[in-house]
Amino acid sequence: MTWGLVLGLATGAYLFKVLGLVVVGDRSLPAVVERCLNLIPAALIAALIAKDTFSVGQHLQVDARLAGVTAAIIAAWRRAPVIVVIVIGAGVTALVRSLR
Amino acid sequence: MTPAVFATLRDRRVRPILTTGVTLGLAVGVYAISFGVAGVAAGATTGQTCAMSLLVFTGASQFSAVSVIASGGSIGSAMSGALLLAARNGVFGLTMSRRLTGRLPTRLLAAQLTIDESTAMGTTPDDPDLQRAAFWITGVSVYVFWNLGTLIGALAGNAIDPKTYGLDAAIPAAFVAMIWPQLRTRPGRRAAAVGAVLCLATIPVVPVGLPILIAALAILIAVPAPAPTTQPASR
């Protein structure tokens, strides 16, 4: 591990973050682009959920996480507060994992 | 801290956001302890490990870089793998740029806090003020706990396995709660479904980090038609 890697990575990671937030900034974009951007959270959050539920590196597998996330989906559907959804998701996963 | 910040924190609607932000911070903090341990185990000094969390502040990238180094990989491959994982923050920044308008120094600071959790929280409430509050609260909370956890892990040298408490499901569970309001519209539901499918379909075949970027292409499929044209009776 070198300082070069730490600082290089810091610079690269920050450039990505700054790209959208500062370079594009608050200038107005074409309406069609705006409509696309509004859908990004739905697409990316769904992708993150799928990845965190099924993947281990480049492998897909079904394990206790699926039970926890399914329970979380039910809790969200029943309009439970976010904090409750989180606790149920983690709790059910830990429970199912301990049973196996 | 300006008086405006305190006024925001006293807003009743901000209370649940604060609770969620701190909970997410704690869950991420447990992972940070693992990162601190992994960093030192990979041969980094405590200073380098902590600097990484302070400056890079993108969990997946940091874990990736450290594990490549630990398994004997080159600096170059550690860097490229980690940067591929960091690329999605560019898309997140673009999304948040519509909400985080303001002075340049504020946006430069917001950029460093632009990660999965802060963006998901920052796009959830309907009210723009609450979206901003959710972004900042979550970003600051995760930043504080991520760095605190890294320091603890780097010094202690051993960590509790996040899996023991099901914490590996805590973050996706939080995302489930956050995505819910986005599913109210038909384009939102379509974007979510296509995004998840694109991600899962590409995980086994492309490098780690890329599936999330590919999932962003879902918006091109899900975006609604430009003008409300007269639809035949289809529903």
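Modeller: Here is a short walk through the fold and then the core. Keep in mind that this is a predicted model.

Colleague: Thanks! How many helices and strands does chain B have?

Modeller: Chain B has 13 helices and zero strands. Read along the sequence, the pattern is α-α-α-α-α-α-α-α-α-α-α-α-α.

Colleague: And why would you call chain B as compact as a globular protein of that length?

Modeller: The globule rule gives 18 Å for 235 residues, and the radius of gyration of chain B is 19 Å, close to that value, so chain B is as compact as a globular protein of that length. Along the principal axes, its C-alpha atoms fill a box of roughly 65 × 50 × 35 Å.

Colleague: What percentage of chain B counts as buried?

Modeller: Of its 235 residues, 51% count as buried. As for contacts in chain B with a separation of 6 or more, 70% are between residues 24 or more positions apart.

Colleague: Switching topic: which residues have the most contacts inside the largest nonpolar core?

Modeller: They are A43(A), A47(A), V85(A), A173(B), A174(B) and V176(B), in a core of 109 residues. Helix α2 (residues 31–54) of chain A gives the largest share, 14 residues.

Colleague: Which domains of chain B does this core draw on?

Modeller: At least three residues come from each of domain 1 (8–169) and domain 2 (185–225).

Colleague: Nice. What does V176(B) touch?

Modeller: Leaving aside residues up to four places away in sequence, V176(B) touches I49(A), V69(A), A72(A), I73(A), A76(A) and V85(A).

Conventions: Residues numbered from 1 in each chain as written. Chains lettered and ligands numbered in written order. Predicted model: local features only at pLDDT ≥ 70, side-chain atom pairs only at ≥ 80, totals over all residues. Helix = DSSP H or I, 4+ residues; strand = E, 2+ residues; numbered from the N terminus. Rg over C-alpha atoms; globule rule 2.2 N^0.38 Å. Buried ≥ 20, exposed ≤ 12 C-beta atoms within 10 Å, placed from the backbone. Contact = placed C-beta atoms within 7 Å. Core = buried A, V, L, I, M, F, W, Y, C linked by C-beta atoms within 7 Å. Domains from an automatic or database assignment.
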